[in-house]
Amino acid sequence: AEAIGLYNLGQTCCLNSLLQVFLMNIHFTGILRRITVPLSAAQKKNSVPYQMLLLLEEMQRGKCKAVDPTELAYCLAQHRVRFFVQHDAAQLFLTLWNLLKKQMKRPELVEELKDLYTICIQEHLACQNCSFEMRSKSTMLTLPLPVLDADSHWLKSLEDCVQHFFLPEELTGPNMCFCQKCGRKTPFLQSMKLVHLPQTLTLHLQRFNFERSSRTYKLSHCLSFPQHLDFKEVLTENQCQADDSEKATWQYELFAVVAHSGSTSCGHYCAYVRSLTECKWYCFNDSMVCPVSWDDVKCTYGHSRLNWRETAYLLIYMKKYPQ
């Protein structure tokens, strides 16, 4: 079936964009198709994975230009995902993913879902007074990338943003940590090292700036992102905690862009997705779907003087040569 749109049920553009990114990902739908179908009608109504599967099947019949996601939306509402409100795509992505993980009953499917999306990072804390160190591994669903440097200057490219995320940070003054060896609070150096990257990698450009005055504004400056991205070329040896066979899989190709237009209080989302079967780009704008070029996708780089224009917010990359 060709690319099919989703009707907007009232401020559901954010949900629709994320659903397209999930359902156009053949690695994800491969997991979704193997879920255990709930038995009772009530369980079916309440199951996010099952409702997503029904939506996928209806889209694949390709009978119409767009399908109606009401059943899935009703199901999400049961799980406190509200309607007729502005959603933040990064938060809604996390919410959807957690609901899927919680409701996929089979442990092996939950593992596959985790493997498909989770990033593994090692956090390193070192006392600057003595040799005391703490290390802890953590997993993340998205890499939250700063779009400003430490001096609040605009970062120009995605590669800059990734490098900034992995820059060591000195914890001094009020941010000092307690050192067990020194027996008091001391300056620490905090650094992140990349351990593992998943098949489907989601990068979150932190373009919404929350000021102390509680006014949120959007950073719409131009920030380029590549079609092809190799993490071992972007990061230094020191910023990686991985062997060569892991690093060999760190070559990515852009799969999707979730773009935001308008202001923080009154905005609209759409998704640009590269069909993995046809290798063609489409723009999914609710019920409207049209083929687009890479130049069209590049229009989401942002523009400092046109704040309301479409700007990339989530970037989803796909491994080129998974192991």
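How are α1 and α6 oriented to each other? I will start there, and note that this is a predicted model.

Two packed helices are described by the angle between their axes and the distance between the axes. Helix α1 covers residues 13-23 and helix α6 covers residues 89-103. Their angle is about 55°, and the axes lie 10 Å apart. The two helices are therefore oblique to each other. The crossing of α1 past α6 is right-handed.

Now the residues in that contact. From α1 come Cys14, Leu15, Leu18 and Phe22. They meet Ala89, Leu92, Phe93, Leu96, Trp97 and Leu100 of α6. By type, that gives 10 nonpolar residues, no polar ones and no charged ones.

Next, the aromatic rings. Across the whole structure, a search finds 11 aromatic pairs. One of them joins phenylalanine 22 and phenylalanine 93, with 5.6 Å between centres and 35° between planes, a tilted arrangement. Phenylalanine 22 belongs to α1 and phenylalanine 93 to α6, so this pair ties together parts 71 residues apart in sequence. Phenylalanine 22 has a relative accessible area of 2% and is buried. Phenylalanine 93, at 6%, also counts as buried. Phe22 and Phe93 form one aromatic cluster with Phe28 and Tyr117.

A further tilted pair is tryptophan 281 with tryptophan 294, 6.1 Å centre to centre and 40° between the planes. Tryptophan 281 sits in strand β16 and tryptophan 294 in helix α11. Both are buried.

Last, histidine 221, in the loop between β12 and β13. Its relative accessibility is 1%, so histidine 221 counts as buried. Leaving out residues up to four places away in sequence, histidine 221 touches several others, including Trp154, Arg207, Tyr301 and His303.

Methods: Residues numbered from 1 in each chain as written. Predicted model: local features only at pLDDT ≥ 70, side-chain atom pairs only at ≥ 80, totals over all residues. Heavy atoms only, no water. Axes fitted to C-alpha atoms, helices over the stretch in contact; angles between N-to-C directions. Helix = DSSP H or I, 4+ residues; strand = E, 2+ residues; numbered from the N terminus. Parallel < 35°, antiparallel > 145°, perpendicular 65-115°, else oblique. Left-handed = near helix turned anticlockwise from the far one by under 90°. Contact = heavy atoms within 4.5 Å. Nonpolar A, V, L, I, M, F, W, Y, C, P; charged D, E, K, R; others polar. Buried < 20%, exposed > 50% of the residue type's maximum accessible area, 1.4 Å probe, protein only. Phe/Tyr/Trp six-rings, centres within 6.5 Å; stacked < 30°, edge-to-face > 60°.
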